[in-house]
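Thanks for coming. I have one structure to go through today, and I will take it piece by piece.

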Amino acid sequence: MRRLVSLSVLSLLLVPGAASAQGPSEEPMGTLGELMRGLMFVSANKLFDAQAQEPGGELPEMSPEVSEAVSALMGPTSARFASIYRGWPDLVGAAAALADGAKLAMIDGRLCDNGVSAPVGRADYIEGARLLEEYSVNVLNAAREQDYEGAWEAINYVTESCSHCHSTYRDGPDSRQEPRCQ
Ligand code: HEC
């Protein structure tokens, strides 16, 4: 028995890659537009929602009837799972996602929706990503302290970081028209 165990340990060591776990790749999987719609847009909207209404205690539980009606409208996922974290934890999470999302926007090799490389080498794009991180961290710190005034103020700046990039690389003179990312 003992010998069996040590043999299997040995074989683990001999299989390449088995001893050290392999994490996810470092390749970007989404286009920049997909990342923006999936992470920046969703998280930024949570910040703006918090500006419109102070994250308070838990909302009252929905009655089964209301919950069913909401599910019928929004689909079961958004009604049940997308709103599990509410209030301050939701704001904290959104701010953290934006701060770390700024790094994802800087990964080499990511393409824009139109197939052009994301301009990760351009100074104004880099500055936009840096601002997004800095301003989101300000929101993150205030939200962790549940400092509503501080968070409210800090959220005002976040849009500035978005437009720092968008004015050049997204919207152009003719808003929403090509060429993007150039
Ligand atoms: C580092 C630069 C940069 C920052 C910072 C940035 N964006 Fe973007 N964003 C872009 C670029 C470039 C595109 C165009 C991507 C493409 O076409 O693939 C884009 C596209 C988008 C889109 C897709 C729009 C469409 O027409 O489909 C949304 C939504 C968006 N950004 C939201 C945001 C928000 C909200 C923020 C701030 C919280 C933000 N972005 C911050 C560079 C940036």
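Which residues does Leu 91 touch, not counting residues up to four places away in sequence? Leu 91 touches Lys 46, Leu 47, Ala 50, Pro 55, Ala 143 and Ala 151. By contact I mean that the C-beta atoms of two residues, placed from the backbone, lie within 7 Å.

Two notes on conventions before I go on. Residues are numbered from 1 along each chain as its sequence is written. This is a predicted model, so local features need pLDDT of at least 70 and side-chain atom pairs count only at pLDDT 80 or more, while totals for chains, interfaces and linings use all residues.

Now the overall layout. The protein has seven helices and zero strands, and along the sequence the pattern reads α-α-α-α-α-α-α. Helices here are DSSP runs of H or I with at least four residues, strands are runs of E with at least two, and both are numbered from the N terminus. Among contacts with a separation of 6 or more, 74% join residues 24 or more positions apart. Of the 182 residues, 20% count as buried. Buried means that 20 or more other C-beta atoms lie within 10 Å of the residue's own; exposed means 12 or fewer, and partly exposed is in between, with C-beta atoms placed from the backbone.

Next, the core. The largest nonpolar core has 28 residues. Such a core is a set of buried Ala, Val, Leu, Ile, Met, Phe, Trp, Tyr and Cys residues joined through C-beta atoms within 7 Å. Those with the most contacts inside it are Leu 47, Leu 91, Ala 95, Leu 98, Val 139, Ala 143 and Ala 151. Helices α2, α5, α6 and α7 each supply at least two residues of this core. As background, nonpolar side chains tend to be buried together in soluble globular proteins.

How do α2 and α5 pack? Their angle is about 145°, and their axes are 9 Å apart. The axes are lines fitted to C-alpha atoms, for helices over the stretch in contact, and angles run from 0 to 180 degrees between N-to-C directions. α2 passes α5 in a left-handed crossing, meaning that the near helix is turned anticlockwise from the far one by less than a right angle; clockwise would be right-handed. On the α2 side the contact includes Leu 39, Ser 43, Lys 46 and Leu 47, and on the α5 side it includes Asp 90, Leu 91, Ala 94 and Leu 98. The residues of this contact divide into 12 nonpolar, two polar and two charged. For these classes, Ala, Val, Leu, Ile, Met, Phe, Trp, Tyr, Cys and Pro count as nonpolar, Asp, Glu, Lys and Arg as charged, and the others, Gly among them, as polar.

α2 also matters for the next topic, the ligand. There are 26 residues around the ligand, and the closest are Gly 33, Met 36, Cys 112, Cys 162 and Cys 165. A residue is counted as near if its C-beta atom, placed from the backbone, lies within 6 Å. α2 (32-52), α6 (123-144) and α7 (148-169) each supply at least two residues of this shell, and α2 gives the most, with seven. By class the shell has 16 nonpolar, five polar and five charged residues.

A few single residues now. Gln 51 is found in α2 and is partly exposed, because 14 other C-beta atoms lie within 10 Å. Gln 51 and Trp 152 are 101 residues apart along the chain, yet their C-alpha atoms are separated by 5.6 Å. Leaving aside neighbours within four places in sequence, Gln 51 is in contact with Trp 152 and Ile 155.

Leu 111 lies in the loop between α5 and α6. Leu 111 and Thr 31 are 80 residues apart in sequence and 5.2 Å apart in space, C-alpha to C-alpha.

Last, which value does phi take at Gln 146? Phi there is near 55°, a positive value in a residue other than glycine. Gln 146 sits in the loop between α6 and α7. Cys 181, in the segment after α7, also has a positive phi, of about 65°. Most residues other than glycine have a negative phi. Cys 181 is buried, because 23 other C-beta atoms lie within 10 Å, whereas Gln 146 is partly exposed, with 14.
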